[in-house]
Amino acid sequence: MSICPLCNALKQLEVYCPQCRFRLDDSGKVSDFLDPYGHYNDEETVKMGDGYPTTAEEHICPHLMFCPQCGYQEVRCIQEES
Ligand SMILES: [Zn+2]
Ligand SMILES: [Zn+2]
C-alpha cells in the first residue's frame, strides 16, 4: 500500500514561487477541499500533463502549493511511496 510522503509528514516539498521567490506552503491534498477535476485548466497543471484523472491508479497525491506572500497557487502531483 502506498502513502503520500507529504500527507504523512515524511517529506517536505521545497518549491519556490515563480513570481516572488518566496517558499510555497503545502496547503494539503487538493481533493480534501477542492474538486480536483475543476482545476485542470490552470496553466501549471496542464504543463505537468501526467494523467491527473488517474491519480488513484498511479498513486499520485495532488497537493496545492500556496505562496503566502503573493497568493500564487499551483498543484503539484506527489508520487506516493510504498
Ligand atoms: Zn498527499
Ligand atoms: Zn509569491
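Tutor: Start with the burial classes: a residue is buried if 20 or more other C-beta atoms lie within 10 Å of its own, exposed if 12 or fewer, and partly exposed in between. Keep in mind that this is a predicted model.

Student: Why does His59 count as partly exposed?

Tutor: His59 has 16 C-beta neighbours inside 10 Å, so it counts as partly exposed. A residue with 20 or more would be buried, and one with 12 or fewer exposed.

Student: Where is the place of His59, and with which residues is His59 in contact, leaving aside its neighbours within four places in sequence?

Tutor: His59 sits in the loop between α2 (55-58) and β2. With those neighbours set aside, its contacts are Ser2, Gln79 and Glu80. Contact here requires C-beta atoms within 7 Å. As for Cys4, 55 residues away along the chain, its C-alpha atom is separated from that of His59 by 8.2 Å.

Student: What makes strand β2 mostly covered?

Tutor: Strand β2 spans residues 60-66, and five of its seven residues are buried. For the protein chain, 13% of the 82 residues count as buried.

Student: How do you know that β2 pairs with other strands, and how many bridges join it to β1 and to β3?

Tutor: Two strands pair if DSSP finds at least two bridges between them. Strand β1 (residues 25-29) is joined to β2 by three bridges, so that pair meets the cut-off. Strand β3 (residues 73-79) is joined to β2 by seven, so this pair meets the cut-off as well. β1 and β2 run antiparallel, and so do β2 and β3.

Student: What do β2 and β3 form, and which residue in the turn has a positive phi?

Tutor: β2 and β3 form a hairpin with six residues between them. Gly71 in the turn has a positive phi of about 85°.

Student: In what order do the elements run from the N terminus?

Tutor: The order is β-α-α-β-β, from two helices and three strands.

Student: What is the average pLDDT of the protein chain?

Tutor: The average is 79, and 67% of the residues score at least 70. Over residues 39-51 the pLDDT is below 50, and this stretch has 15 contacts in the model beyond near neighbours in sequence.

Key
Residues numbered from 1 in each chain as written. Chains lettered and ligands numbered in written order. Predicted model: local features only at pLDDT ≥ 70, side-chain atom pairs only at ≥ 80, totals over all residues. Helix = DSSP H or I, 4+ residues; strand = E, 2+ residues; numbered from the N terminus. Contact = placed C-beta atoms within 7 Å. pLDDT = per-residue confidence, 0-100.
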